[in-house]
Amino acid sequence: MGDLLLLAQDSSGFFPIFLQTLVKGLALGSIYAIMGIGFVIVFKGTQVLNFASGGMAMAGALFMSIMINDGGLPFMPWSNPLAPAAGTDPSIPRWLINLFFALIFAAIMGMILERVAIRPMVGQPLFSMAVITLGLETAIGPFNRDATSQAARTLGVPWKLEQWKLFDAGIPKSYVAAMIAAAVCFGAVNFFFRSRFGVAMRAVAFDQEAAQAQGINVGRVFSIAWGLGAALVTVAAIFYGMGPFPPQGTVSQEIHPILAFRVLPVIILGGLDSIPGALYGGLMIASAEVFAGQYLSQWTKILGAGYSTIVPYLVMLIVLLVRPYGLFGTEEIRRV
Amino acid sequence: MLEISNLEVVYNEVALVLRGLSIEVPDGSVVALLGSNGAGKTTTARAVTGLLDNHEGKATKGSIMWNGQDITHLKPSGIVRAGISQVMEGRRCFGELTVDENLATGAFTNRANAKKNYDRVMELFPRLLERNKQLAGYMSGGEQQMLAIGRAMMAEPKLMILDEPSLGLAPLLVQQVRDVIKLINSEGTSILLIEQNAMMALSIADYGYVMENGKIVMDGSGEKLLADDDVKEFYLGLHGDDTGERKSFRDVKHYKRRKKWAS
C-alpha cells in the first residue's frame, strides 16, 4: 500500500507536531466517515453489505478525472462544456460544478448496478446478496484499471498542496476541504433521513412488508439507497485523491484497497446501521491510525514500516470480540 | 366495491391456503370475516393488498376486482394508490420512527392531503398528538393500534382492511377500537374487518363471512350470524340452549357436535 503516512517532521516542537497530527487524523477520519456513511446508507436501506463500495468509489473518482482532464464525458460522445481549458487548472467553482456532475454520474451508476445485480436478488438470503456485491467489486475492477491504464490520473484539485500556517504547523487546504466535505455529507444525509424518501427508507429498513403496505415502493427506495451510497463513496474517493494524502492529488489503483477495505473497521466500530456511528467510527479509526504512525514511529524497527495501516484492523478485531454490533449499532442487528 | 371471486392462493407452490374464496365488500359497508387460526383470513388480506410475494405466495386462480379494475396482480403501492389500505395484524408500527414519521409513511402515496389527514388523525386520537415526537416502539399496544389505524387513514383509503385490530388489547380498548372503526365507516370508508373476536366484529358488521380451511362456509347479515347456533358455539363460546348460566366444562363436549357446514 506504499507509504500511507507522511510523518510530520518538518515542524519542530511538540505542539505543532501534535496539531498537525490531529488535523491529519481528522482529515483522514473525514474521508473514512464519508466512505462509512455511503456504506451504512446502503445497509440501512437494503440490508445489503456493500462490498462493491471500493470499486464504485474508484469508478466515481475516475468519472471526475475524465471530466476534468479529458474535456469529455466518460463513455459518451459529447464533450464537457464545463471542463477547464486544456493545460490549466479549474477555478474552485468550476471544479465544484464538475464534482457535482461526477456525483450524479456515480449515483446513476449505483442505481444501474442495483437494478441489474441486486433487485433480482430481493428476497434471497442476505449472504447471497453480500456475495453478489463482492462479484460486482471484481467486475468493476477491470473497467477501472482500463480507464486508468494502470496509471495515476490527476483530479485537477484547484488548491493543490497549498497550506495554511497555524502555530508553526502546516494545515493543508485539502485536509480542511475533506472535513468540510464530511460535515456537508453528514448534514445532507441527516436532512435526507427526515425527508419523505428518507423516512420511507428507514421504514423499509425496519419492516419491509409493513412499508409496502403503506404504499412505499421498495424498489425505488433500494435504488435511491444505492444511488446515494455510490455518490457518497465517490466523494470520499475524490477527496482522498487530493494531496497531501498519500496518492498526492491523483486517483490510481493504489488507493483502491484503502477505499475497499478501510471502511470495514470504520463501520464495525461505529455500528453497521448507524450514520453517526460511521462518522465517529471514521474519526476514531483514522486518529488511531495517524497517531500510532506519528508517535510510535521510534519503534518502527521492531514493528516494521507501515505498521500503522494495521492499527484499524486491530481495532476492528477488538471491537468484534467485545462489542460486535459496534458503538452505535443496534444490538440485534441481523447477522450476515 | 371489492369483489373477490373464486380466489385460490398457494404458498411455496405447494400449500393451498385459499380454495376458491369469494367475498364482496360493498361501498360504505362494514364486512366481517371470521375464522379460526389457519383459516386463511390473513392470507386473504395479503392477497387483496398485494403482499403475497413477501411470503412466497401466489394467487393461482380467481380474481380480485376493485371498482371494476382487476387488482389481483397489482403491486402493493398500486393497490394503496387505488384506495385500499391495510392495518396489518400485530400493528407493525415502525418502532424506530416517531409517531409523526409513522404517519408520514402512511401519507407516502397521498402527499396532497397529508396536512388535512394528519389533523383528522390527531383529532381522532388525541393521544397520538401528545406523543407525536416519541418513538413508536415505546408506546403501549393500544396506542400502537391507534397509530396503525391512523397511519392507514393517512392514505385516505376508500376501503380499509383491518386484520385483527383487537389482538392483545384489553376489553375496554377493544370497545374503543370498535367505535373508531364505526366512525371511520360513517365517513364513507368501507371496512373489511378480519377478526377472531366475533362478538366485537359482528356487533358492527353489516354482513359477515365465516371462513374455514380457505373457504367461506357461511355468510349472512351481522344479526343473522350472531343468532346462529354454530357461530355462537364455535366463535362466541355460547351454546344453543344457553340461557346465560354457567356450565360445567363436562357438558360442553365439543367433539360430539358437528358443525353443520362440515361435510
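In which loop of chain B is the place of Glu164(B)? Glu164(B) sits in the loop between strand E7 (159-163) and helix H7 (171-186) of chain B, where helices (H or I, at least four residues) and strands (E, at least two) are DSSP runs numbered from the N terminus.

The legends below describe a predicted model, in which local features need pLDDT of at least 70, side-chain atom pairs count only at pLDDT 80 or more, and totals for chains, interfaces and linings use all residues. Residues are numbered from 1 along each chain as its sequence is written, while chains are lettered from A and ligands numbered from 1 in the order in which they are written.

**Figure 1. Confidence of the model.** The model scores ipTM 0.87 and pTM 0.83. The pLDDT, the predictor's confidence in each residue from 0 to 100, averages 81 in chain A, with 85% of the residues scoring at least 70. For chain B the mean pLDDT is 87, and 90% of its residues reach 70 or more. Among the elements of chain B, helix H10 (residues 229-236) has the lowest mean pLDDT (76) and E7(B) the highest (94). Over residues 1-6 of chain A, pLDDT stays under 50. For residues 1-6 of chain A the model has 15 contacts beyond four places in sequence, two residues being in contact if their C-beta atoms, placed from the backbone, lie within 7 Å.

Figure 2. Most residues other than glycine have a negative phi. Glu164(B), although not a glycine, has a positive phi of about 50°. Glu164(B) is buried, with 22 other C-beta atoms within 10 Å; a residue is buried if 20 or more other C-beta atoms lie within 10 Å of its own, exposed if 12 or fewer, and partly exposed in between, with C-beta atoms placed from the backbone. Asn12(B) is likewise not a glycine and has a positive phi of about 50°. The loop that holds Asn12(B) runs between strand E1 (2-11) and strand E2 (15-25) of chain B. Asn12(B) is exposed, with 9 other C-beta atoms within 10 Å.

**Figure 3. The largest nonpolar core.** A nonpolar core is a set of buried Ala, Val, Leu, Ile, Met, Phe, Trp, Tyr and Cys residues joined through C-beta atoms within 7 Å. The largest one has 181 residues, and those with the most contacts inside it are Ile34(A), Ile37(A), Ala236(A) and Leu193(B). Helix H8 (residues 218-240) of chain A contributes the largest share of this core, 17 residues. Beyond its neighbours within four places in sequence, Ile37(A) is in contact with Cys185(A), Phe186(A), Val189(A), Leu232(A), Ile275(A), Ala278(A) and Leu279(A). Of the 336 residues of chain A, 50% count as buried.

**Figure 4. Packing of H1(A) with H8(A).** The axes of helix H1 (residues 14-46) of chain A and H8(A) come within 8 Å and cross at roughly 170°. Axes are lines fitted to C-alpha atoms, for helices over the stretch in contact, and angles run from 0 to 180 degrees between N-to-C directions. H1(A) and H8(A) are therefore roughly antiparallel to each other; angles under 35 degrees count as roughly parallel, over 145 as roughly antiparallel, 65 to 115 as roughly perpendicular and the rest as oblique. The residues of H1(A) that meet H8(A) include Ile34(A), Ile37(A) and Gly38(A), and those of H8(A) that meet H1(A) include Gly229(A), Leu232(A) and Ala236(A). By class, this contact has 18 nonpolar, 4 polar and no charged residues. Ala, Val, Leu, Ile, Met, Phe, Trp, Tyr, Cys and Pro count as nonpolar, Asp, Glu, Lys and Arg as charged, and the others, Gly among them, as polar.

**Figure 5. Contact between chains A and B.** In this interface, 22 residues of chain B are in contact with 15 residues of chain A. Helix H2 (76-82) and helix H3 (99-106) of chain B each supply at least two residues of the side of chain B that touches chain A. That side has 9 nonpolar, 8 polar and 5 charged residues. Helix H6 (residues 196-206) of chain A and H3(B) pack at an angle of about 95°, with their axes 9 Å apart; H6(A) and H3(B) are therefore roughly perpendicular to each other. Val199(A), Ala200(A) and Ala203(A) in H6(A) meet Glu101(B), Ala104(B) and Thr105(B) in H3(B).
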